[in-house]
Amino acid sequence: MSESRKQTVVRFTAPIVVAALCILVLILGLLEWSGREVDRMARNRDQAIVSLVLSQSIERVAHAQESSTVWDEAVREARKQPLDERWLDLNLGVWFEDYAGFDEVYLLDAANAPIYAMRGGRRARPESFIALEDAAGPLLGRLRRTPTIRKRTESDVAMLSPGQADIAIVRGRPAIVSIKPIVTDSGTLRQVPGTEALHVAVVYLDDDFFAGIGEQYGLADAHYAVGPATDTGLRCVELHDRAKHVVGYLVWRPFAPGRQLIAALGPVLAIVLLLVTGGVFLLASGLARRTHDLEESRAHAQHRAMHDELTGLGNRPMFESRLDEALSRSRRHKSLLALLYIDLDRFKQVNDTLGHPAGDALIRQVARRLVAEVRGYDIVTRLGGDEFAILIGEPEDRGAVESICARIVAELERPFDLAGSQAFIGASIGVVLAPADGLDRTELTRKADIALYKAKTDGRSRYVFFTPEMDTDVRSREETYRELRVALADCDRQLEVHYQPIWDVPTRSMIGVEALLRWQHPEQGLVAPGDFIRSAEETGLIAVLGEWVLRRAVADARAWPSLRIAVNVSPIQLRSRKFVDTVRQILAEGVVSADRLELELTETALMGASGEVARSLAELRRLGVACALDDFGTGYSSLSHIRDFAVDRIKIDRSFVNAVDTVPGAALVEAIVGLARANGLRLTAEGVETESQFAFLQRVGCPEVQGYLLSRPVPAEMVGRLLAASRAAQAHRPAAPF
């Protein structure tokens, strides 16, 4: 189309288009105002309904309880010793799951101790009431002080007995907790006020609960949320407990008749006006459309080449290009530039648990949060997988960069909503500053990667600035790795195993040894295990190293048939499918029975281990090999973990033994001894260095010890002498009097 023709089209079509748009805007504006007013009234109605529904839901739970708690027979059954649990199931426990939809029910005696429990329609252990203690405690106190009188509710329906109810978080979920006393209905049974048995009901405010409310009262998409609704199309109301603490939000999509009116009439009006004006600029719009499509296609191709398709952020090519530009500006103006390397923590668990679509959704949410935490002209890019990079141009100082990093770490620790569930991750950040850390792109990214690695090894969910010492540490680890490979090629010359004796406390006789690896470096001398074990684990050499130690320890143990041999192993070894077969083969070659071998794992390593480790430990125990938990108390001490991994022995960490001279330290060690005895676990105390420590452990009943007081780690040839000396001392020790 020629230039003059385009001008003619514009001259004739412009007034028509402008007039039509003015009329359309006026009419749609009136519709919009009317619709907003109607929607406002509908929202107010929904708000009133929600407040009423929550209070009535609590009352319904209390009324349902009274169907069985105000009953002479229930009073008599609650006093029985022993309890008739079948009767309780049919009348006070399991029956309520079908009758009233209660998720959990508990009976408490006069001392508020649980004597019966029901969870999910099945009888449970009364001790599970511990999860409700924080929520039920204040209610119990108020109820015990409440006189037994009838109460009228907001619905003017009299309560037959007093009660206390509240909304609380139970087992990480919102729930109604209602407590009622079990009282006589005839008045013929004597009950001392405040000593009645109590009936505790728990109804979880889950999706089904809120969906039922939504269906009954016309609240669309009603559901529970931890935080207030961020979607402008949703409404929410706070769920308060009696102390006015917010325990969550009821979120729903409000009924919007005004919006529906606009949706129905707006398009019709628009179509009428568009049909009137459409013919005028039909030909001109065709040309404009083709030109626009061509330009959009070119822009889209350019955008895809420089952006990540999943998040819309810049990709690695854009990152490298923008980093080069930023470094050029930093060189010219001597300005500060910060580069952040970000790696998501626990992302793989989310991917494995919820699937790749959920993982993609998580990456998109992370991208949005990162963009929200930096300035508009800072560059956020996705390098691939769960790795991101941020360029912060000309920050005020290092403190400003630290503030941004702290906000990012905190923001990514907040829960993510994925596929109807919540996911918790974190972020490790490595930070470099230009020009202080260099002005070369390759060097800067290398140092940022080193700082990121440091953040992960220091515990994750943190940020770390690069320092020259980190570079030295990386080079040192690489050097250690090379030298350790050389040492493994000639194990018998550079590596040796020392043994620290384990002593029986009552007799002070030697009953076992723990194998400890020593590296005799040709230049550095004796290298402590802490300086090379981590390098061996990171590089995969730990499997070869661990097998060599195990073979040497079993071979040496043939000379001490009366001693137990303990060997430290890594979770990396246990994850190997061949490890159990290797242990079986080594025991057979060494002609050593499996019950003499004990494998030790540190508590932190064991609790963070995978299912393969648990399976390997189970197979080893079937073989007759025992499992010991080293450094007990320094990690995630948990009876459930110990039970899940079938631990045979726990070893009290030396830091606790060193503190037995203090009142808290003595109490803690005594508690561990009692814990082991009560659960049938064998026990050894490490790091015993003084007679007072030994005397204390003997007094509290610790059966075995090891430490410098009795012997330091010694070479294999010294073990036989120590064993002979121990037997001689035992032979000359006077017998205990009867």
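**Local contacts and ring pairs in the predicted model**

Beyond its neighbours within four places in sequence, Leu 563 is in contact (heavy atoms within 4.5 Å) with Met 510, Ile 511, Gly 512, Val 513, Arg 596, Val 719 and Leu 723. The model is predicted, so that local features need pLDDT of at least 70 and side-chain atom pairs count only at pLDDT 80 or more, while totals for chains, interfaces and linings use all residues. Residues are numbered from 1 along each chain as its sequence is written, and side-chain values use heavy atoms, with hydrogens and water left out.

Leu 563 is found in the loop between helix H17 (542–557) and strand S22 (564–568); helices (H or I, at least four residues) and strands (E, at least two) are DSSP runs, numbered from the N terminus. With a relative accessibility of 2%, Leu 563 is buried, where buried means under 20% relative accessible area, exposed over 50% and partly exposed in between (1.4 Å probe, protein chains only). Leu 563 and Arg 596 are 33 residues apart along the chain, and their C-alpha atoms are separated by 7.2 Å.

Rings of Phe, Tyr and Trp (its six-membered ring) were paired if their centres lie within 6.5 Å, with planes under 30 degrees apart counted as stacked, over 60 as edge-to-face and the rest as tilted. By this rule, the count comes to nine aromatic pairs. The rings of Trp 95 and Phe 96 have centres 4.9 Å apart and planes at 65°, so this pair is edge-to-face. Phe 96 is buried, at a relative accessible area of 0%, and also forms an edge-to-face pair with Tyr 99, at 6.2 Å centre to centre and 65° between the planes. Both Phe 96 and Tyr 99 lie in helix H4 (residues 94–99), three residues apart, about one turn of the helix. Trp 95 is partly exposed, with a relative accessible area of 30%, as is Tyr 99, with 46%. Ring pairs link Trp 95, Phe 96, Tyr 99 and Phe 102 into a cluster.

Helix H10 (residues 347–354) and helix H11 (residues 356–372) pack at about 140°, with axes 6 Å apart; axes are lines fitted to C-alpha atoms, for helices over the stretch in contact, and angles run from 0 to 180 degrees between N-to-C directions. H10 is therefore oblique to H11, given that angles under 35 degrees count as roughly parallel, over 145 as roughly antiparallel, 65 to 115 as roughly perpendicular and the rest as oblique. Residues making the contact include Phe 347 and Leu 354 of H10 and His 356 and Ile 363 of H11.
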